[in-house]
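Please look at the sequence and the three-dimensional structure below, and then read the briefing that follows.

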Amino acid sequence: MNNWILLVIILSCAAIVIVGTVIILRLYISKLVDKKIFAFQNDIITKHCNEVDNIYRQMRGWRHDYHNHIQAVIASLALNQYSEASEYLRKLNDDLASVDTVIKTGNIMVDAILNSKISLALNKKIYVNAKATVPQELKISEIDLCVIVGNLIDNAMEACLKLPDESERRIRIYVGIFKNYLYISVANTAGGKIKRSETGYISSKGENHGFGLMRVDKIAAKYGGHVNRQNEEDAFATEIMLPL
């Protein structure tokens with residue numbers, strides 16, 4: 001009888017130790033996940049700050065040059081050099097069009113993320129063709145939508161920058177309504193097929209960037225959406241459908 005009591009005590013102690021160990025491990029893993037999320041969010045904030053700063057630098061540059069452009073046109077007109085003034089204005093207009101990246105989707109937060117990313121891409125010599133319309137009423141939160149769009153464009157830029165020929169670097173962005181879904185498509189040129197594991201596509205930018213890819217899939221699943229990726233030899237595309 002005493003042996004049975006002793007066995008019960010030992011088993012009870014072992015169970016307590018196991019339960020305690022599991023609880024400690026869960027707390028430890030939770031803290032690790034929180035640290036990863038915090039680091040990832042800090043990285044995103046830092047990148048967005050750099051991207052917005054890039055737009056501000058462009059704006060300051062144009063403001064600085066504006067006076068010089070006006071003086072050049074006035075000087076040409078004063079000398080009756082009308083054709084020269086006209087040609088100068090034409091070139092100035094072409095130059096302005098090349099940096100005009102303002103996209104108006106109907107959603108201020110999406111406008112901010114799209115324009116900052118497009119500005120950054122153009123600064124890296126990547127051609128961008130973008131068209132986007134976002135309905136006023138959305139089931140998905142604006143923050144989640146910006147996370148999806150931002151990560152997809154980051155992935156596209158990463159692939160394009162691997163191409164040594166700048167003329168081959170191209171990204172196409174489309175956001176719009178398809179039936180009862182918000183349709184998001186980001187396609188880019190690429191130098192060869194992207195590696196894939198059992199859990200998804202592998203990024204060369206490291207663990208945090210892989211976490212960003214997982215975030216896109218999880219957010220889409222959170223709202224009952226669908227993700228489709230197409231990987232060709234010289235192009236990569238991601239399509240996302242989110243219920244409205």
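Strand 3 (residues 181-189) and strand 5 (residues 235-243) run antiparallel and are joined by nine bridges, where two strands count as paired if DSSP finds at least two bridges between them. Strands, like helices, are DSSP runs numbered from the N terminus, a helix being H or I with at least four residues and a strand being E with at least two. This is a predicted model, in which local features need pLDDT of at least 70 and side-chain atom pairs count only at pLDDT 80 or more, while totals for chains, interfaces and linings use all residues. Residues are numbered from 1 along each chain as its sequence is written, and side-chain values use heavy atoms, with hydrogens and water left out.

- The open sheet has five strands in the order 1-2-3-5-4, and its pairing is mixed.
- Strand 1 and strand 4 (226-231) are the edge strands, each of which pairs on one side only.
- Strands of a sheet pair through backbone hydrogen bonds, either parallel or antiparallel.

**Strand 2 and its partners**
- Strand 1 (residues 127-132) pairs with strand 2 (residues 170-178) in the parallel sense over six bridges, and along this pair Tyr127 has Arg170 as its bridge partner, while Ala132 stands opposite Val175.
- Strand 2 and strand 3 run antiparallel and are joined by eight bridges, with Ile184 of strand 3 as the bridge partner of Val175.
- These two strands, strand 2 and strand 3, form a hairpin with two residues between them, and Lys179 in the turn has a positive phi of about 55°.

**Two helices packed together**
- Helix 3 (residues 108-123) and helix 4 (residues 142-160) pack at an angle of about 10° with their axes 9 Å apart, the axes being lines fitted to C-alpha atoms, for helices over the stretch in contact, and the angles running from 0 to 180 degrees between N-to-C directions.
- Helix 3 is therefore roughly parallel to helix 4, since angles under 35 degrees count as roughly parallel, over 145 as roughly antiparallel, 65 to 115 as roughly perpendicular and the rest as oblique.
- The contact (heavy atoms within 4.5 Å) involves residues including Ile113 and Leu114 of helix 3 and Val149 and Ile153 of helix 4.
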